[in-house]
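The following exercises ask the reader to examine one protein structure step by step. Please consult the sequence and the 3D view while working through each solution.

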Amino acid sequence: MVNLKINGIPVQAEEGTTIIEAARKAHIDIPSLCYLKDINCIGACRVCVVEVKGARGLVASCVYPVSEGLEVWTNTPQVRQSRRTTLELIVSEHHKKCLSCVRSNRCELQKLCKDYGVDEDRFPSTDKLEPVDTTSPYIIRDNNKCIHCMRCVAACNNQGIGVVGPRQRGYRKTIGCAFEMPLDASACIGCGQCIVSCPVGALSEKNHTAQVWATIGEPNKKVVFFTAPAVRATLGEEFDLPIGTNVEKKLPGAIRRLGADAAFDMNVTADLTILEEASELVDRIKNNKPLPMFTSCCPGWVKYAEHYYPELLPHLSSCKSPQQMFGALLKSYYCEKNNIDPKDLFVVSVIPCTAKKFEVEREEMAGTVDVALTTRELGEMIQAAGIDFESLPDEEFDSPFATASGAGAIFGAAGGVMEAALRTAAYMLDGEFSATDFKEVRGVRGLKEATYNVAGIEINVAATSGLKNAAKLCDLVKSGKAPYQFIEIMACPGGCINGGGQPIQRDKTKNRLDIPALRAQALYDKDASMELRKSHESPVIKMIYDEFLGAPNSEKAHEILHTTYRKRSKYNF
């Protein structure tokens, strides 16, 4: 530990800590546009400059390490003037469409300009606008709003994808794909981590709210929504509720007040996925079929495998994701039961994920889900409708898809799918499962593994999130040295609760709190509070099999609930 002073306040910090991190110990947040904890630290934006005793000029606090006796000032007139001038220069190249910008009121640049009294007209603005890249089914890139902070590049590299980066140099620099390719021509997997890392409105999901509003207004259409497990733990943030607030009981009422005909719980098909996936795992183990088996719930991970590890596709479970299972059930079982023409049923999923927008358009699954809305898009619709979300009375989801297990709830957190599946797989093999055995591997961040002896059969399992970790597991499987029979992979670090479609918190909050952990805790608390905690015990799941599917992995179940995957090239020239 070293001793230093920040604005005259004594601070102790670990040697090697940067000034921007040490300042938090003195309850001071130094502003920045490029710095983001665990994502990006390059000292590029120059907004985080501070005065250091003995230094020849102002220094970038995000890259300047502390040392014994260091004295720092964060708000001197020179520092404030430097930050103001820097912000005015950034704004001069920024397309100022704040009223219509998706990040209005949540934009870091907008906030800092207000804090520092920026004159947005001090420097002449450029009138030349670049085309907006709307080619992707899930992400829009508007480089006219880009401030070259490089956070999206860092986020993409942290995922091990690296499909975006700087092009050209100096004032001509832009961010995009190699060879001026549009985003849909690259091997982007749609995780959306670039969106939640962006401090401004240069990146956003492709918005489908207008299509949903229009369909709600059609008298001959029946519009039904269903919400993913993780949404209940995050939607409240759109209305400034504390991170990790479970708003499950507010969801149905809010959706009904939008004009929807029904609101269902996707936890139901999370349970259904478990029955199908656990059955498939048991079948593979007993009949010497390709192992290990990877989960296939995450469309970002599936697309990653198709682009980067196509040789492992036979190892992916053939189960559709809970989103696509629900869409398939609604367009078949639900329509049949309620005498509805599937063409008249408009299905909207609410998901924490931008990759789900791509999944909706996959040829193998087209026509089951009509629109996938992110958590942010649902929040936007609720606000636009003038619904007082916080004061809504508690309401239940609609029958017949209203009851689900705690296993379905934990789908939204990394490792949750694995735990949920093992609860049921152990039952199928006449054994027991204990979540306490499922522990993190020492020295390998984000990887959990366990070994179970179930009815004389030894099962080794692993779960990880983030695609850099996924690559390590995939390489191990390719080498033939993987000790596992079952592997869960989630594309987003932390799982769906940290998905690319989730609410975007202020930098100050991101840098101080473990947001994924707070959100995940809400899901595990929900699971722990329930009597029904195993998917195979759900009365709704029993009803679906008794009335429609027959049995897990039956011929009808395979026809409706399973799919195939295909190799995809890395670049589509």
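Two strands pair if DSSP finds at least two bridges between them. Helices (H or I, at least four residues) and strands (E, at least two) are DSSP runs, numbered from the N terminus. The model is predicted, so local features need pLDDT of at least 70 and side-chain atom pairs count only at pLDDT 80 or more, while totals for chains, interfaces and linings use all residues. Residues are numbered from 1 along each chain as its sequence is written, and side-chain values use heavy atoms, with hydrogens and water left out.

**Exercise 1. The surroundings of S186**

Task: State where S186 is found, whether S186 is buried or exposed, and what its side chain reaches.

Solution. Step 1: S186 belongs to the loop between strand 8 (174-176) and helix 5 (193-197). Step 2: its relative accessible area is 3%, and therefore S186 is buried. Buried means under 20% relative accessible area, exposed over 50%, and partly exposed in between (1.4 Å probe, protein chains only). Step 3: the side chain of S186 comes to 2.8 Å from the backbone oxygen of L183. A polar atom of the S186 side chain also lies 3.3 Å from the backbone nitrogen of C188. Step 4: apart from neighbours within four places in sequence, S186 is in contact (heavy atoms within 4.5 Å) with V163, C177, H307, K570 and Y571.

**Exercise 2. Aromatic pairs**

Task: Explain why the pair of F226 and F326 ties together parts that are apart in sequence.

Solution. Step 1: rings of Phe, Tyr and Trp (its six-membered ring) pair if their centres lie within 6.5 Å; planes under 30 degrees apart count as stacked, over 60 as edge-to-face and the rest as tilted. Step 2: the structure holds 14 aromatic pairs. One of them is the stacked pair of F226 and F326, at 4.4 Å centre to centre with 10° between the planes. Step 3: F226 is in strand 10 (residues 222-227) and F326 in helix 10 (residues 322-338), so this pair joins parts that are 100 residues apart in sequence. Both F226 and F326 are buried. Step 4: ring pairs link F226 and F326 into a cluster with F264, Y333, Y334, F401 and F548. Step 5: the charged end of K556 sits over the ring of F548, 4.0 Å from its centre. This arrangement requires NZ of Lys or CZ of Arg within 6 Å of the ring centre and within 35 degrees of the ring normal.

**Exercise 3. An enclosed strand**

Task: Why is strand 17 described as largely enclosed by the rest of the structure?

Solution. Step 1: strand 17 covers residues 457-465, and seven of its nine residues are buried, so the rest of the structure largely encloses this strand. Step 2: strand 17 pairs with strand 18 (residues 486-490) in the parallel sense, over five bridges. V461 stands opposite F486 in strand 18.

**Exercise 4. Backbone exceptions**

Task: Which peptide bond involving P292 is cis, and what is the phi of N339?

Solution. Step 1: most residues other than glycine have a negative phi, and most peptide bonds are trans. Step 2: the bond from L291 to P292 is cis, with omega near 0°. P292 is in the loop between helix 8 (267-286) and strand 12 (293-294). Step 3: N339 is not a glycine, yet its phi is positive, at about 55°. N339 lies in the loop between helix 10 and strand 13 (345-351). With a relative accessible area of 75%, N339 is exposed.

Note on methods
A polar contact is a pair of N or O atoms within 3.5 Å; within protein, one must be able to donate a hydrogen and the other to accept it, and residues adjacent in sequence count only if both atoms are side-chain atoms.
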